[in-house]
Amino acid sequence: MNNYFEFNNGVKILCGDSALSNLNYELDFLGAKNPMLLSDEGLEKVGTVGQLAKFAKPVKFKTIFTKIPADSSTLTINQIARLYINNGCDAIVALGGGSVIDTAKGARLVLGQSCDDIMRLSGNEIVKKGKHIPFIVIPTTSGTGSECTAVAVIKNAKTKTKLEFISSELLPDCAILDGRLTLKLPPKLTASTGVDALVHAIEAYTSLQKNAISDIYATTAIKLISQNLVEAVSRGDKTSRLNMALASNLAGTAFSNSMVGIVHAIGHACGAVLNVPHGNAMMMLLAPCMDYNLDECYIEYSKLLLYFTNEDEYISTKPTERAKALIVKIREFIAQLQEETGVLLKLTDYGADENSLELIADKAIADGAAITTPKRFTRDDVLEILRQVY
Amino acid sequence: MSKSILVNFICKALGKGIGYACCKDLVCRDIFLMLPKDLNISLGIMGDGEYLHLRKTESGFCFGAGAEEDLKITFKSRKSARLVLLGGISVAESFARHDILLEGNINTAVLLVRIIDRVEYYLFPRLITRKFLPRMQKEFASLKMYGFVLFGNLGKVKIEGNKKAKSAKSRLKKQKSSEKPEKTDENLQNVV
């Protein structure tokens, strides 16, 4: 364990049935009278935006903006900031998945820092306390945990490159986890986003920045995911959905404080080069990357077997075999999810060739997650892992 | 606050080491070629100001500030800077302790960290690096690096050719940590 660590989680969490009915109170508490709602067209089409209006009555949004694309950039953020000012809004409510939430974080950052170019704020912990813009996040997927992370990834519209922002100023005031909003999530997406949350928790538990508090969040998340994800995929009932939303939040808090590692480094690169959906990349890479990390994370993996399975299984497995047993269990878990949903888990399914593997390796070694990963990896290590899922 | 003479000396040594490694070490050269064109880097300590300015040119790194830094690395305190610069912990560990503020593209910073790791591997004895760096394969003797750091001129060392060294990729493979972690089956019995 590190002899020094920092932990920051200033987000108020409302979790459970009818949590949305308290949105009105939270906005009032934050002094907001003219909130702006940010979402995307997909959620508007399937009726989730309408559902929010129904569940959160009597909240009235001064402005509703749903033109956030899947790969949002500085252009969208500037557009939102202008709208916010011109329409006299005084709070931001983000309803959606990772892209909507990251865009909302960006817009809030621009407004709070009174800054005309968000790219100047790119980096790690350089943003100073700015003007307070009330900010509430309502996630509609259970995976990114973005509602409680101090991280945002935003595309520079000019250079088309994605930049990472790390700052406590990105944390919202409040996150609302209401299982009703994830009921419409299709099984494939439920599975892949759920595994994303699992990877957040496992990597948070093994990263260089891990600490006593993030460990508690990570292990609780792992337990919840192992008990609820298959159920949420196959039956999709309210309880398992809500448990997954909570697990995603806990895993997000864990990795926001201890960061992620090699699975994310390679996964981000697969997304950039082949457009592999992030959750699918996590499903594909988790087990091979755990194999790679095994010698360095032997003790941590051994301990995680208890949380991923149960006491009986843990006790009946020899201490020296627990780490490997965890990887076997993870493989079985992912295989089961794949069987249920048919998620594509080979790189060739996404059009990969030898050349694209080289490009992925180049990007992976420069990824931010490569800094805090427990076992340093080289370009060739990445290629070896990629060949296992080729 | 006046600048620390020790930190100033070490930063200059690190700057020279980075420049030398990017020219003479194939792994560092490959990474150097991945860095953005005309990259300007500064390294400093909060309250003290900047100790090191490096600029990427076609022939390697040189000292000197550009119009604006693309990557500004700032340690939160002298103590945190000394911890890294004197080989107490790695740059990655320092980042994990929230000791480093970073302005600019994090991906570029990660590549720079990979170069610094190798420079530290040449500069510090294995007794020191053992606790925070995996075993790597040196491409030249550390004495050469010491000689350059003490007496060399960064402006005079140049990268020969700008093609990616294919051989470096295969060397990277060999540099994988061959050190077995201290987490063995025996002490696992005590921990788990």
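At roughly what angle do the axes of helix α4 and helix α5 of chain A cross, and within what distance do they come? In this predicted model, the axes of α4 (residues 74-86) and α5 (residues 98-113) of chain A come within 9 Å and cross at roughly 55°. The crossing is right-handed.

Who does the touching? On the α4(A) side you'll find Thr76(A), Ile77(A), Ile80(A), Ala81(A) and Tyr84(A), and they meet Thr103(A), Gly106(A), Ala107(A), Val110(A) and Leu111(A) of α5(A). Sort those contact residues by type and you get seven nonpolar, three polar and no charged.

Now follow α5(A) over to the sheet. This helix lies across β2, β4 (91-96) and β6 (135-139) of chain A, and it runs at about 165° to β4(A). Helix α8 (residues 238-258) of chain A packs on the sheet too, touching β1, β6 and β9 (174-177) of chain A, with its direction at about 150° to that of β9(A).

As for the sheet itself, six strands of chain A make it up, open and with parallel pairing, in the order β1-β9-β6-β4-β2-β3. At the edges sit β1 (12-15) and β3 (63-65) of chain A, each pairing on one side only. From one strand to the next, the twist averages 15°. Strands in a sheet are held to their partners by backbone hydrogen bonds.

Note on methods
Residues numbered from 1 in each chain as written. Chains lettered and ligands numbered in written order. Predicted model: local features only at pLDDT ≥ 70, side-chain atom pairs only at ≥ 80, totals over all residues. Axes fitted to C-alpha atoms, helices over the stretch in contact; angles between N-to-C directions. Helix = DSSP H or I, 4+ residues; strand = E, 2+ residues; numbered from the N terminus. Left-handed = near helix turned anticlockwise from the far one by under 90°. Contact = placed C-beta atoms within 7 Å. Nonpolar A, V, L, I, M, F, W, Y, C, P; charged D, E, K, R; others polar. Pairing = 2+ DSSP bridges.
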